[in-house]
Each structure stands twice: as structure tokens, then as C-alpha cells.
Amino acid sequence: MNKQFADMASKIIVILFIVIGLLISIFPLNAEAACSHSSLGTRYSDATHPHKYYRTCNSCGKKIYVGGQEVKKHGPGTWGSGTCKYCGSHTYSAGTPSKNHPHASVGKCSCGDTKTVNILRFSCSQCKANPKTASNSSSCSTVFLNVAGDLGVGTIQSVPVTFKVSYTNNYNQPNKLSGGHFPGTAFSSWNTQVACIPVSVPSGFSVGTAPGLSVSYYNSSNAKVATQSVKWSTNTSYASSYQTTFFTLKTMPSYAVATGVCNLGAHSKSTTVKTVFK
Ligand SMILES: [Zn+2]
Ligand SMILES: [Zn+2]
Ligand SMILES: [Zn+2]
Ligand SMILES: [Zn+2]
């Protein structure tokens, strides 16, 4: 009885397969073969990314892809918005950093995606952990030719002058701090000072000295990677960084070059100091 039933069942299954197979293969193939899609409707693009262009055949109703694709505006991709989450790229808003170290900040994209980044805070001592100091100075000796007495009738005097430019930087390497909170910041400086002062000036003469207001940072291939602005203090022989924000770089610089200038009357001489970060 069981064997008979099994034989019957398997026969029915085989017949079903044949019938289904015939239905699937014959009818659609015949329908397609019969239509040359010679008349196509208006061009549209797929709602789903990558939005391939198509036209619908007026005879058989089949979607015919006609090549190319529509690039939509980046956005939430909601119905009717004309936007897509996958077209274009994310742009995150700045977010508000947390008061607690490492100061997580959640940026939002118009598509709804979020990205959390940690922000260095100038007032946080943990953000200034493992401090290092890079410092160097360089002296320059020059001879200014000074015209003494009235213009055109005076004698020319040689005035030997030595002046010195020095650079100091207090920084750390956030990407090396424990916790790995700042992988994208290799160098963070909170205090840069450049001074340019006279060292020896013959008596009776007075020179002016001033540091340049920008410091250049170079990589190991001697390519300039950044420029830092500094500002003069009340005494123009000294300049320092804006001490409310960090000066940060994605990669560790190899050395910095600061400048200083010394002048006597209309004559001036400039010099540089190179400071290597170890
Ligand atoms: Zn057709
Ligand atoms: Zn898209
Ligand atoms: Zn996005
Ligand atoms: Zn911090």
C-alpha cells in the first residue's frame, strides 16, 4: 500500500514538473520573440540605485534598458525626494563635542547617516598628555653699511651686528595617546613661540628685530606641508601662536623653519632657524 502510494506521488510530481516547465519556457519565449519592441514609451530611471534608464515597450509592456543611469542628489532617498543614499557621498555636520575626554562629536549627514569623531579640546589637560618640546635657535652676523651725517655728504660706516632667532614648540602626538581616540591627528601644538633679538650691536647704534609671522613645516622629503600663523606680542621681538586653538597636522612634520629679521635704518637682513622634531 505504501509503495503504491509512493509510486503514484512520484509520477504526479514528475508530471507537475513537466507541465510547469512547459508553461515557463513556451509562453514567455513566444511572447518575447513575437515583439520587436519597436515602439517605446517615455524614458524613466529605476527607483533603486543605480537608477538605470529604461523605456517601456508600448506593445508588450516589457522594461527595455536603454543605457546610462541617473545620478541623484545625495539624501535620505525617501519617496518623491529625488535623493538617494547611495548616489554621491556623505557630508557630515560638525556636531557638538562632549565636555568629557575624548570629546566625542556626532556629525549627521542629510541621508540620516551619522559619524562619531573625537575632537581635541584646548582646555583639556588629557588632550595635552605626553607633552614634548622642540626648540632651537640660530645666530646671524651681518655688517650694515650706515651713512653717517647729512644725506649725501656723510661718511659710510660699517656696523657689525649679530642677532638671534629662536623657536620653541610645545606639542604632543594625539594618535599615539592611549585609547586610540585621535587616529587622524599626528601632531598637535598648543604653544609656538618665535623670538628675534639683537645679540651684539656697536654702541651708538640701534637696530630693530622681529620674527616673521609665519612658520613653515616640512616633511622628510623637504616638501612644505603646512604654514602656521603667529602674532606679535606687545614687544615685536616676540611672536606666539593664537593660544586658544591647537595647530594640528595629520602627519608628523620633520622640521619647522621660522624666520627673523634685523634692520638698521633702511637696511635689513633676515635669517632662519630650522628645528627638527625628534
Ligand atoms: Zn515589446
Ligand atoms: Zn543612487
Ligand atoms: Zn550621507
Ligand atoms: Zn581631552
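**Sheet and zinc sites in a predicted model**

Three strands form an open sheet with antiparallel pairing, in the order β1-β2-β3. Strands here are DSSP runs of E with at least two residues, helices are runs of H or I with at least four residues, and both are numbered from the N terminus; two strands pair if DSSP finds at least two bridges between them. The edges of the sheet are taken by β1 (40-45) and β3 (63-69); each has a single partner strand, so one side of each is left without a neighbour in the sheet. On average, neighbouring strands of this sheet are turned by 25 degrees against each other, direction ignored; axes are lines fitted to C-alpha atoms, for helices over the stretch in contact, and angles run from 0 to 180 degrees between N-to-C directions. Strand β2 (residues 52-57) and β3 run antiparallel and are joined by four bridges. Tyr-54 has Tyr-65 in β3 as its bridge partner.

The model is predicted: local features need pLDDT of at least 70 and side-chain atom pairs count only at pLDDT 80 or more, while totals for chains, interfaces and linings use all residues. Side-chain values use heavy atoms, with hydrogens and water left out; residues are numbered from 1 along each chain as its sequence is written, and chains are lettered from A and ligands numbered from 1 in the order in which they are written. The chain has an average pLDDT (the predictor's confidence in each residue, from 0 to 100) of 91, and 90% of the residues score at least 70. Confidence in the chain is lowest in helix α1 (residues 2-34), with a mean of 63, and highest in strand β12 (residues 214-218), with 98.

The zinc ion (ligand 1) is coordinated at 2.0 to 2.3 Å by Cys-35 (SG), His-37 (ND1), Cys-57 (SG) and Cys-60 (SG). Donors are N, O and S atoms within 2.8 Å of the metal (3.2 Å for Na, K and Ca); water is not among the atoms, so sites may look incomplete. The donor residues of ligand 1 are spaced C-x1-H-x19-C-x2-C in sequence. Cys-35, in the loop between α1 and β1, and Cys-60, in the loop between β2 and β3, are 25 residues apart and link distant parts of the chain. The site of ligand 1 is tetrahedral, with angles of 104 to 116 degrees among its four donor atoms; four donors count as tetrahedral if all angles lie between 85 and 135 degrees. Cys-35 is buried at a relative accessible area of 14%, whereas Cys-60 is partly exposed at 39%. Buried means under 20% relative accessible area, exposed over 50%, and partly exposed in between (1.4 Å probe, protein chains only). His-37 is partly exposed at 22% and is found in the loop between α1 and β1. The phi of His-37 is positive, near 50 degrees, in a residue other than glycine.

His-101 is partly exposed at 23% relative accessibility, and His-103 is buried at 0%. The peptide bond joining His-101 and Pro-102 is cis, with omega about 5 degrees; Pro-102 is found in the loop between β5 (83-84) and β6 (104-108).

Conventions. Four donors count as tetrahedral if all angles lie between 85 and 135 degrees; four count as square planar and six as octahedral if opposite donors are over 155 degrees apart and all others between 65 and 115; anything else is irregular.
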